[in-house]
Amino acid sequence: MLKVKQVDKKFIRITKNGKKEEFYADKNINIEAKPGEIIGILGPNGAGKTTLLRIIAGILEPTNGTVEFDGLNYKENEIEIKKNIAYLSGNTKIYNSLSPYELLKMCCEFYQVNENEIENRIKEVAKVLEMEKFLYNKIEKLSTGQTQRVNIARCLVHNPNYYIFDEATSGLDIISSQIILDFIKQEKQKGKTILYSTHYMEEAENICDKVVMINKGKIIKQATAEEIKKETKTTNLRDAFFSLIGSGTDEK
Amino acid sequence: MKSNLYLVFKKEIREMFRDKKSLAMMLIIPFMIPLLVLGMSALFETQMHKDISQYNTIGINYEPTQIEKEIIEKYNINYVYDTKEQLEKKYKNNEINLYITKENNNYTINGVDNEITTLSAALAQNYLTTYKQYLQTEYLTNNQINSSDVINIITINQNITQEQNFFVNYMTVYAFLFIMMAITVSSTYPATDTTAGEKERGTLETLLTFPIKSKDIIIGKFLSVTISSIITGLISLILTIISLFIAKDMFSIYEDANIILSTSSIIYAIITIIAYSFLISGLCIAIASKSKSFKEAQSALTPLTFISLFPSLIAFMVNLDTNIIYALIPFLNYTMIFSDIVNENISILNIALMLLSTITIIIVVLKIIIKQYKSETVLFSN
């Protein structure tokens, strides 16, 4: 189980006058995600979604609060936690000079997948994501969609329990986006926990069990899509979001 | 299970050997050394062995006697007889290399100090000294005095052991300095590429999500850059030895010079190259990993190239001898030990101290960098 407890993240920015100013990218964030749940993190650009997911993935340290995976926290169990999570963002880049096969093998080794299982694991992942045709080509020669599939494959190859996807479908064509969405649904069936950030509200509505709406670094609503729509008396999450901003709802 | 340090090292080495720029820096830079060695040897050769026709045209404003003509001919001087004013003009027009004016018994050698004039003046001096000796001998003989009793009243002998040919010593020491230069220059690119370059390409974020400790990332990157530097250093050493052999065959300045390094000298040279590669790679990684971009890393590393050579140049200029203090001073110690290796004057103690100094510096530098290498600082410091 994933528990994000009272997480704050403070940054320093330079103002117009050249002075330094502190600001909170995220403030008092509390989220719980159970096995087999897909949690959608929704919000406009600059809302604090990426910062939050980077904190959950262990790339950023929270200013206050803690992140726990199955009772383990980053301060004491960073390596153990990282072995069990996969992080993918729309900006994530992979090693272009390698082939997908070499990359996946390298990832398996880093995640300490049993050496006897590596070959089978790569074959299995390549089959699921239809990568067999370009498995041995250099990544730099692949299309955007193929590269993103390789990116997903590297998240999948060590069979983690937690997936953290930050705008993973942004900039992708419909087919490539669908592959990612199908993959997320399959992993849910296996009991995996998925945190999924997007600004495509319809996409989230379709696949998420629970939605966390963030605006200006604060959670403004956390519930199922149906509950949010019912509460805001709207028919879709887009309208619900605007309704919540307009009403100034600020769930603590 | 393979250790993460080994896996990071393997990843870095694979990337380095697939990157054309890194390969070029590693393999092509050493090929500059033969050009420098042969070019400098050719320059010394032309300085040492100037053709006499380039400086033997000497003007005189007096009609030489028969005996003077014979001496002039003996010294291969091509004399031009004219008035003082005309000789001045000819000298200015480079028609003559020097001119001698005579008033009564006073001979004056005229010219402006430069390389050609110096050689011409030496020729003129020989001619006038020989002529003076002739006149002294003739005077003494006419006065019935045994001239050899006077002229050879004392005998001067020289018993100075010939040291290693100056040019050979100079060239071999500088050749080792070129090796250090090659290692320094070639280690800056992979160090930049593997740290700031990886950050700029966006793959560092991916690497930092893997279950790897900062220590393994930094040491893995450091070792890969060190391997690249050692390869450059060893290729440079081989090419230096080959080019000195070629130079010995091509240029007479190397006549009778011993440029063959003994096996032990070569082993010590390799040890010094490896130690220097470790130090420079550690410093390059430390500087580049703190940089926000590739460009910033390269700018930050440029002064290191000069700083690494500065103590060496000073050591050559003031002709320092290695001692236990100098053996501990980074950069200075490598050059001085190279100089000792060339002169077959190797001290095991100094080499041990150089290694001790190198290891201490590397440990301190890496510890500082590992402590500061947190994903947030590395990825989002700007």
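This is a predicted model: local features need pLDDT of at least 70, side-chain atom pairs count only at pLDDT 80 or more; totals for chains, interfaces and linings use all residues.
Confidence in chain A comes first. The mean pLDDT of chain A is 87, and 98% of its residues reach 70 or more. Within the chain, the value is highest in helix H3 (residues 100-110) of chain A, at 94, and lowest in helix H9 (residues 237-247) of chain A, at a mean of 81. Residues 248-252 of chain A have a pLDDT below 50. Beyond near neighbours in sequence, that stretch has 10 contacts in the model.

Two sheets of chain A can now be followed. Strands of a sheet pair through backbone hydrogen bonds, either parallel or antiparallel. One sheet of chain A is open and has four strands, in the order E2-E1-E4-E5, with antiparallel pairing. Strand E2 (20-33) and strand E5 (72-73) of chain A each have a single partner strand, so they stand at the edges, with one side of each left without a neighbour in the sheet. At the E5(A) end, two bridges hold the antiparallel pair of strand E4 (residues 64-69) of chain A and E5(A). In this part of the sheet, Phe69(A) is placed opposite Leu72(A) in E5(A).

The other sheet of chain A is also open, and six strands form it in the order E6-E7-E8-E3-E9-E10, with mixed pairing. Its edge strands are strand E6 (85-89) and E10 of chain A, each of which pairs on one side only. Direction ignored, neighbouring strands of this sheet are turned by 15° against each other on average.

Strand E3 (residues 38-42) of chain A runs parallel to strand E9 (residues 210-215) of chain A, and four bridges join the two. One residue to look for here is Ile39(A), whose bridge partner in E9(A) is Lys210(A). With strand E10 (residues 218-223) of chain A, in contrast, E9(A) pairs in the antiparallel sense, over five bridges. Along this pair, Ile214(A) stands opposite Ile219(A) in E10(A), and Asn215(A) has Lys218(A) in E10(A) as its bridge partner. E9(A) and E10(A) form a hairpin with two residues between them. In the turn, Lys216(A) has a positive phi of about 50°.

Chain B also contains a hairpin, made by E3(B) and E4(B), with two residues between the strands. Asn104(B) in this hairpin takes a positive phi near 50°. Strand E3 (residues 98-103) of chain B and strand E4 (residues 106-110) of chain B are antiparallel and pair over five bridges. Glu103(B) is found opposite Asn106(B) in E4(B).

The next topic is helix packing in chain B. Two packed helices are described by the angle between their axes and the distance between the axes. For helix H4 (residues 66-74) of chain B and helix H6 (residues 115-142) of chain B, the angle is about 140° and the axes are 10 Å apart. H4(B) and H6(B) are therefore oblique to each other. The crossing in which H4(B) passes H6(B) is right-handed. From H4(B), Ile67(B), Glu68(B), Ile71(B) and Ile72(B) meet Tyr127(B), Thr130(B), Tyr131(B) and Tyr134(B) of H6(B). By class, the residues of this contact are six nonpolar, one polar and one charged.

H11(B) passes H12(B) in a right-handed crossing. The contact is made on the H11(B) side by Ile280(B), Leu283(B), Cys284(B), Ile287(B) and Ala288(B), and on the H12(B) side by Ala297(B), Ala300(B), Leu301(B), Leu304(B) and Ser308(B). Nine of these residues are nonpolar and one is polar, with no charged residues.

The contact of the two chains remains. Chain B gives 22 residues to this contact and chain A gives 19 residues. On the chain B side, the elements that give two or more residues are helix H1 (4-18), helix H9 (203-209) and helix H15 (375-380) of chain B. The residues of chain B that touch chain A divide into seven nonpolar, six polar and nine charged.

Note on methods. Residues are numbered from 1 along each chain as its sequence is written. Chains are lettered from A and ligands numbered from 1 in the order in which they are written. Two strands pair if DSSP finds at least two bridges between them. Axes are lines fitted to C-alpha atoms, for helices over the stretch in contact, and angles run from 0 to 180 degrees between N-to-C directions. Angles under 35 degrees count as roughly parallel, over 145 as roughly antiparallel, 65 to 115 as roughly perpendicular and the rest as oblique. A crossing is left-handed if the near helix is turned anticlockwise from the far one by less than a right angle, and right-handed if clockwise. Two residues are in contact if their C-beta atoms, placed from the backbone, lie within 7 Å. Ala, Val, Leu, Ile, Met, Phe, Trp, Tyr, Cys and Pro count as nonpolar, Asp, Glu, Lys and Arg as charged, and the others, Gly among them, as polar. pLDDT is the predictor's confidence in each residue, from 0 to 100.
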